[in-house]
Amino acid sequence: MKSLAELQEIRNKVLGQVNLRKEREDGIRVVVGMATCGIAAGARPVLNAFLSEIGKRELKDVMVTQTGCIGMCRLEPIVEIYMPGEEKVTYVKMTEDKVARVVAEHIVNKQPVVEYTIGAVKD
Amino acid sequence: MKELSLHILDIIQNSVNAGASIIEIEIEEEEKEDIFRFSVKDNGCGMSADFLRKVKDPFTTTRTTRKTGLGIPLLEAAAVQCGGRLDIVSEPGKGTAVTAVFQNSHIDRAPLGDMAQTMVTVISGSPEIDFLYTHIKNGQSFVFQTEDLRRVLQGVPLDTPEIIGWIEEAVREGLAEIQVK
């Protein structure tokens, strides 16, 4: 198993950055629906992909959180992104593969990926 | 659900919603006895005897509360389909324990799947909760508890990306050591 000494090293490294995160209350929020419907539809790998992509890019002002059933189970996995001062954007039928593009285009470059949003769903 | 680890994730979410501060997950795979068992035990708000009687019925539960719904009936169906069962013990104010038993070699038993992802999901979702995960396979065991990490981290939250990355690898490696695939 990985050693706690290694964890200690990571802790010392990130200590300064954590304080930085706490000060930013106006950060970006990524909310993943994680009720039974979301889990069954594949929300877990989507959430994990957001965590690792945001970790890899060292985006300090992005929080990934979870919520229950959003009420549109047939469109799960659903991810909502809240940017300060912007209207919420709802992504539907998310997959692991779509995450990198959402992070790059929406979170980093502030351009929502319109084709993945709820507005693009045809009934 | 395609993986038992997704059922486990779903049941843990119930414990989180029940306001638990400690959640214990135990998985036991015993090939000789042909048993696959897991339990999720919490110190959350618990359920009344009346509610407990109805909790396995999707048509009663979905309309009375948001805490349950299809999660428990789906898990029960999966267990029963594999010659097993689902037991729930609960006491108001004390907590709830959900135990699912499967015939390990049953053709319909879903694979365990990615427990590292399940742990990362629940820890990042509720970094303030203490999780204790014990996995026993054929007598060998792996124990992972957030309490140990907290002692080292001294105030650095568990949901810091670098820490989450470490947790995922630690669980993956720990399970590999006891031959959990």
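1. In chain A, four strands make up an open sheet of mixed pairing, arranged in the order 2-1-3-4. Strands here are DSSP runs of E with at least two residues, helices are runs of H or I with at least four, and both are numbered from the N terminus. Two strands pair if DSSP finds at least two bridges between them. Strand 2 (62-67) and strand 4 (89-91) of chain A are the edge strands, each pairing on one side only.

2. The model is predicted: local features need pLDDT of at least 70, side-chain atom pairs count only at pLDDT 80 or more, and totals for chains, interfaces and linings use all residues. Residues are numbered from 1 along each chain as its sequence is written, chains are lettered from A and ligands numbered from 1 in the order in which they are written, and side-chain values use heavy atoms, with hydrogens and water left out.

3. Strand 1 (residues 28-33) of chain A pairs with strand 2 of chain A in the parallel sense, over six bridges. A:G33 has A:T67, in strand 2 of chain A, as its bridge partner.

4. Helix 3 (residues 43-56) of chain A packs against helix 5 (residues 115-125) of chain B at an angle of about 70°, and their axes lie 10 Å apart. Axes are lines fitted to C-alpha atoms, for helices over the stretch in contact, and angles run from 0 to 180 degrees between N-to-C directions. The two helices are therefore roughly perpendicular (65 to 115 degrees).

5. In contact (heavy atoms within 4.5 Å), residues of helix 3 of chain A, including A:R44 and A:L47, meet residues of helix 5 of chain B, among them B:Q117 and B:V120.

Note on methods. Angles under 35 degrees count as roughly parallel, over 145 as roughly antiparallel, 65 to 115 as roughly perpendicular and the rest as oblique.
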